[in-house]
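Please read the points below beside the sequence and the model.

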Amino acid sequence: RLARAVSLSGRVLGPDGTPIASARLWSRGAADDETLDAAAGDRVSTDADGRFAFTAVPERGFLEVEADGFPKAVFEVWL
């Protein structure tokens, strides 16, 4: 049985509102290893304007964001 998935897009911005290029994002379902191993899940990077897009993410899961010079951020996602 396949889990339902939806598309997800957005922008990664710094604290001052400046777009962050080349940020790395990972998406994984809630049933995946919650240690957030970077080898698991789908990966995308932001463009020069900080924009990213996933074509299919689980309706419930986690989104991890890393960028040079910033602390890693992990968000629980419910769509």
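The points that follow concern salt bridges, an aromatic pair and a pocket.

1. Basis. The model is predicted, and local features need pLDDT of at least 70, side-chain atom pairs count only at pLDDT 80 or more, while totals for chains, interfaces and linings use all residues. Residues are numbered from 1 along each chain as its sequence is written, and side-chain values use heavy atoms, with hydrogens and water left out.

2. Salt bridges. The whole structure contains 7 salt bridges (a side-chain nitrogen of Lys or Arg within 4 Å of a carboxyl oxygen of Asp or Glu). One of them joins Arg11 to Asp49, with the closest N and O atoms 3.0 Å apart. This pair links distant parts of the chain, 38 residues apart: Arg11 belongs to strand 1, and Asp49 to the loop between strand 3 (42-45) and strand 4 (51-58). Strands here are DSSP runs (E, at least two residues), numbered from the N terminus. Arg11 is partly exposed at 36% relative accessible area, and Asp49 is partly exposed at 32%. Buried means under 20% relative accessible area, exposed over 50%, and partly exposed in between (1.4 Å probe, protein chains only).

3. A network. Salt bridges link Arg28, Glu64, Glu66 and Lys72 in a network. Lys72 forms a salt bridge with Glu64, the closest N and O atoms being 3.3 Å apart, and another with Glu66 at 3.8 Å, N to O. Glu64 lies in strand 5 and is buried, with a relative accessible area of 2%. Glu66, by contrast, is partly exposed at 23%.

4. Aromatic pair. There is 1 aromatic pair in the structure. The ring centres of Phe52 and Phe54 are 6.0 Å apart and the planes stand at 70°, so the pair is edge-to-face. Rings of Phe, Tyr and Trp (its six-membered ring) pair if their centres lie within 6.5 Å; planes under 30 degrees apart count as stacked, over 60 as edge-to-face and the rest as tilted. Phe52 is buried at 10% relative accessibility, and Phe54 is buried at 4%.

5. Pocket. Which residues lie nearest the centre of the largest pocket? They are Val12, Ile20, Val65, Ala73 and Phe75, among 13 lining residues. Strand 1 (5-11), strand 5 (60-66) and strand 6 (73-78) each give two or more residues to this lining, and strand 1 gives the most, with 3 residues. A pocket is an open set of points on a 1 Å grid over the protein atoms alone where a 1.4 Å probe fits, with protein on both sides within 12 Å along at least five of seven lines; lining residues have an atom within 4 Å of a point.

Terms used:
Helices (H or I, at least four residues) and strands (E, at least two) are DSSP runs, numbered from the N terminus.
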